[in-house]
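Reader: I am new to reading structures, and I would like a close look at one part of this one. Please start with the overall layout, then take me through that part step by step.

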Amino acid sequence: VCPSEMKRVSLAYRRLAEIPREFFDDFGRDIEELDLSHNSISDLRPLSVLTQLNTLILDQNELTSHVQFPAMPVLHTLWVNQNKISNLCLFVETIAANCPKLRFLSMMNNAAAPSYFNQGKMQDYYDYR
């Protein structure tokens, strides 16, 4: 695979419990967008090798409020919809410390982010989207 083809990678729907470190050891410096949605991932530390990552999609995994984010200095878009995040302050503090350029955060359908989809109000949906 050519590095130019590795800007976007999808490992969605792979039934992954862990992030495959060996894949990122080979191509990590080139990946800018990564989709890991619909897996069972709870540990994000292996993503530390993705130095150019600007978009990360982690919908429907096993992430909690205590997830350890590696430093992601260029990440600007993060989706963590439908995970197990229950403490908004703890989660946001962790992200703020490790993702200084984050501009877009979507965390719908988590206990920490009430929304129209989990018995919240329509305004909650707009606030946490």
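Author: The protein chain has three helices and five strands. Both kinds of element are DSSP runs, numbered from the N terminus: helices are H or I with at least four residues, strands are E with at least two. Along the sequence, the elements follow the pattern β-α-β-β-β-α-β-α. This is a predicted model, so local features need pLDDT of at least 70, side-chain atom pairs count only at pLDDT 80 or more, and totals for chains, interfaces and linings use all residues. Residues are numbered from 1 along each chain as its sequence is written, and side-chain values use heavy atoms, with hydrogens and water left out.

The protein chain has 129 residues, and 43% of them count as buried. Buried means under 20% relative accessible area, exposed means over 50%, and partly exposed lies in between, with a 1.4 Å probe and protein chains only. Now take contacts with a separation of 6 or more: residues 24 or more positions apart account for 41% of them in the protein chain. A contact means heavy atoms within 4.5 Å.

Start with the sheet. The five strands form an open sheet in the order β1-β2-β3-β4-β5, and the pairing is parallel. Each edge strand, β1 (8-10) or β5 (104-106), pairs on one side only. From one strand to the next, the twist averages 5°. Axes here are lines fitted to C-alpha atoms, for helices over the stretch in contact, and angles run from 0 to 180 degrees between N-to-C directions.

What does pairing involve? In general, strands of a sheet pair through backbone hydrogen bonds, either parallel or antiparallel. Two strands count as a pair if DSSP finds at least two bridges between them. Look at β1 and strand β2 (residues 33-35): three bridges join them, and they run parallel. Within this pair, Ser-10 stands opposite Asp-35 in β2.

Now the close look: helix α2, residues 88-98. Phe-91, Thr-94 and Ile-95 are buried in this helix. Seen down the axis of α2, these buried residues fall within an arc of 95°, so they line one face. The arc is that of the directions from the helix axis to the C-beta atoms. An α-helix has 3.6 residues a turn, so residues three or four places apart point the same way.

What covers that buried face? The cover of the buried residues of α2 includes β4 (77-79) and β5. Turn to the other side of α2. There, Cys-89, Glu-93, Ala-96 and Ala-97 are exposed. At the start of α2, a side-chain oxygen of Asn-87 comes to within 3.2 Å of the backbone nitrogen of Cys-89. This is a polar contact: a pair of N or O atoms within 3.5 Å; within protein, one must be able to donate a hydrogen and the other to accept it, and residues adjacent in sequence count only if both atoms are side-chain atoms.

Compare two cysteines. Cys-89 is exposed because its relative accessible area is 55%. Cys-99 is buried because its value is 3%. The structure holds zero disulfides, a disulfide being a pair of cysteine sulfur atoms within 2.5 Å.

Next, the loops. Asn-39 is in the loop between β2 and β3 (55-57). At 6% relative accessibility, Asn-39 counts as buried. Its side chain reaches two backbone oxygens: that of Leu-36 at 2.9 Å, and that of Ser-37 at 3.2 Å. Leaving out residues up to four places away in sequence, Asn-39 touches several others, including Leu-11, Tyr-13, Arg-15 and Gln-60.

Two of those neighbours deserve a look. Arg-15 sits in the loop between β1 and α1 (21-27), and Gln-60 sits in the loop between β3 and β4. Phi of Arg-15 is near 60°, a positive value in a residue other than glycine. Phi of Gln-60 is near 50°, also positive in a residue other than glycine. Arg-15 is exposed, with a relative accessible area of 78%, while Gln-60 is partly exposed at 29%.

Finish with α1. Phe-24 lies in this helix and is buried, at 1% relative accessibility. Setting aside neighbours within four places in sequence, its contacts include Leu-11, Ile-31, Leu-34 and Val-49. The C-alpha atoms of Phe-24 and Ser-48 are separated by 9.3 Å, though these residues are 24 apart along the chain.
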